[in-house]
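Hi there,

Here is the structure I promised to pass on to you. My notes on its pockets and its ligand follow below.

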Amino acid sequence: MATGNKPPMVQFKGIMKRFGKVVAVEKMDFDIEEGSLVTLLGPSGCGKTTLLRMVAGLEEPTEGDILIKGKRINDTPIHRRNLGMIFQNYALFPHKTIFDNVAFGLKYRDVSKNEIEKKVTRALEMVRLPGVENRMPSQLSGGQQQRIAMARAIVIEPDVLLMDEPLSALDENLREEMRREVDNLQQMLGVTTIFVTHDQREALSMSDKILVMKDGRKQQEGGPESVYNEPVNHFVAGFLGHSNFISGEVVEVDDSHVHVRIETGDILFAENKGGFSKGDAVEMIVRAQRFDAFPKEEFKPVQGLNHFEGRIKDRSYMGGEVSYFIELAADREIHIISMMRTRLYKIGEAVSVQVAPHHCHLIPAE
Ligand SMILES: Nc1ncnc2c1ncn2[C@@H]1O[C@H](COP(=O)(O)OP(=O)(O)OP(=O)(O)O)[C@@H](O)[C@H]1O
Ligand SMILES: [Mg+2]
């Protein structure tokens with residue numbers, strides 16, 4: 001982690017990339033602390049790869065500067081940047097042995113043969129594949145090949161590890177396993193890592209910090225919990241998790257709560273974190289998992305919690321949890337995901353829904 005006057009490991013200062021008329025990355029300012037794992041998260045085409053390629057030296061910024069350890073690197077050639085790179089298709093050299101694949105980045109450095117052997121052995125141990133030096137890539141599974149790609153990237157002891165959707169070619173179970181593997185390896189080595197993904201679970205589970213992007217622009221940066229719990233806008237809230245967006249108007253603000261009249265006529269309370277006043281048009285964001293539903297006739301409201309009534313419109317049973325669509329007054333609908341603490345509700349059944357004010361997050365209406 002950063003100390004006192006040490007500059008961040010990587011800094012983007014007003015970085016921008018245009019391809020003809022397409023603006024792939026728009027005026028980005030962003031710092032990455034030493035030893036941290038940062039993910040670039042966003043939908044296809046939002047500029048994640050372009051940003052990574054500019055760090056790598058594979059694309060030149062149209063405007064702005066990139067700094068590593070406080071030094072501008074815009075004009076530093078690729079091979080002088082001391083970066084480890086791992087891409088989606090692991091891109092091992094098919095006709096080279098695993099040893100030669102891993103040793104590749106060391107050949108152009110001033111490293112003795114003896115030292116190369118030690119480093120390769122060590123890197124293979126780190127990715128938990130010792131002893132495969134003499135095999136060919138085709139003799140390894142997909143997950144193993146991806147670990148070799150990791151060994152090849154870390155063997156040079158890079159300042160920064162760049163990973164562009166490294167797990168997307170793997171099937172779901174293997175992905176989960178490799179996600180933990182990358183996480184552990186990164187922590188063990190303490191290497192600053194920029195990880196590109198469009199998978200929110202990957203981003204939430206691995207990152208020290210997430211940079212959420214859309215159309216080349218930074219939407220929000222922060223730790224997984226802050227980005228998930230306090231999204232700054234509709235896009236971020238919609239991209240991470242299952243969100244309900246409930247339109248309303250602020251009718252009162254007191255010390256602890258903002259009172260919002262929603263379209264059903266109900267008044268819901270949100271925790272007052274400042275920034276809203278009477279008359280503001282707002283969107284209230286509530287995660288589907290935050291609501292609790294109760295059979296209407298058994299419901300006893302808890303003081304201080306929001307509650308309102310509805311009717312089950314649709315449900316899908318998913319084993320451990322159930323997804324319900326609940327019809328409210330005024331033709332509104334909410335989506336809730338219930339952990340099945342109670343019985344399964346029938347379609348058409350009247351329910352009371354409850355949610356705590358601190359799970360109701362407000363953003364200005366867009
Ligand atoms: N070499 C290029 N020439 C022209 N346009 C490009 C080039 N590379 C990228 N773009 C455009 O820049 C935008 C950002 O692309 P980029 O590859 O960075 O997106 P991404 O976030 O990595 O998407 P994905 O999740 O699909 O990989 C896109 O609109 C893309 O079409
Ligand atoms: Mg990409």
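Helix α3 (residues 113-126) contributes six residues to the lining of the second largest pocket, the most of any element. Please keep in mind as you read that this is a predicted model. That second largest pocket holds about 280 Å³ of space. Its lining counts 13 residues, and nearest the centre are R122, I154, V155, E157 and L189. Sorted by class, seven of the lining residues are nonpolar, one is polar and five are charged.

The largest pocket has a volume of about 580 Å³. Around it are 20 lining residues, with L83, M85, F104, G105 and I156 nearest its centre. At least two lining residues come from each of β6 (83-86), α2 (98-107) and α4 (142-154), and β6 supplies the largest share, four residues. Here the classes are 12 nonpolar, five polar and three charged.

Now to the ligand. Ligand 1 is surrounded by 13 residues, and S44, G45, K48, T49 and T50 are the closest. Oxygen atoms of ligand 1 take part in several of the contacts: a polar side-chain atom of S44 is 2.5 Å from one, a backbone N or O atom of G45 is 2.7 Å from one, and a backbone N or O atom of G47 is 3.0 Å from one. On its own, ligand 1 exposes 630 Å², and the protein buries 59% of that. Two or more shell residues come from β2 (22-32) and from α1 (48-56), with α1 giving the largest share, three residues. The shell is made up of five nonpolar, six polar and two charged residues.

Enjoy looking around!

Best wishes

Technical notes
Residues are numbered from 1 along each chain as its sequence is written. Chains are lettered from A and ligands numbered from 1 in the order in which they are written. This is a predicted model: local features need pLDDT of at least 70, side-chain atom pairs count only at pLDDT 80 or more; totals for chains, interfaces and linings use all residues. Side-chain values use heavy atoms; hydrogens and water are left out. A residue is near a molecule or strand if one of its heavy atoms lies within 4 Å of it. A polar contact is a pair of N or O atoms within 3.5 Å; within protein, one must be able to donate a hydrogen and the other to accept it, and residues adjacent in sequence count only if both atoms are side-chain atoms. Accessible areas come from the Shrake-Rupley method with a 1.4 Å probe; for residues, only the protein chains shown count as cover. Ala, Val, Leu, Ile, Met, Phe, Trp, Tyr, Cys and Pro count as nonpolar, Asp, Glu, Lys and Arg as charged, and the others, Gly among them, as polar. On a 1 Å grid over the protein atoms alone, a cavity is a set of points where a 1.4 Å probe fits but cannot get out, and a pocket is an open set with protein on both sides within 12 Å along at least five of seven lines; lining residues have an atom within 4 Å of a point. Grid points are joined across faces, edges and corners, and a volume is the space filled by probe spheres set on the points.
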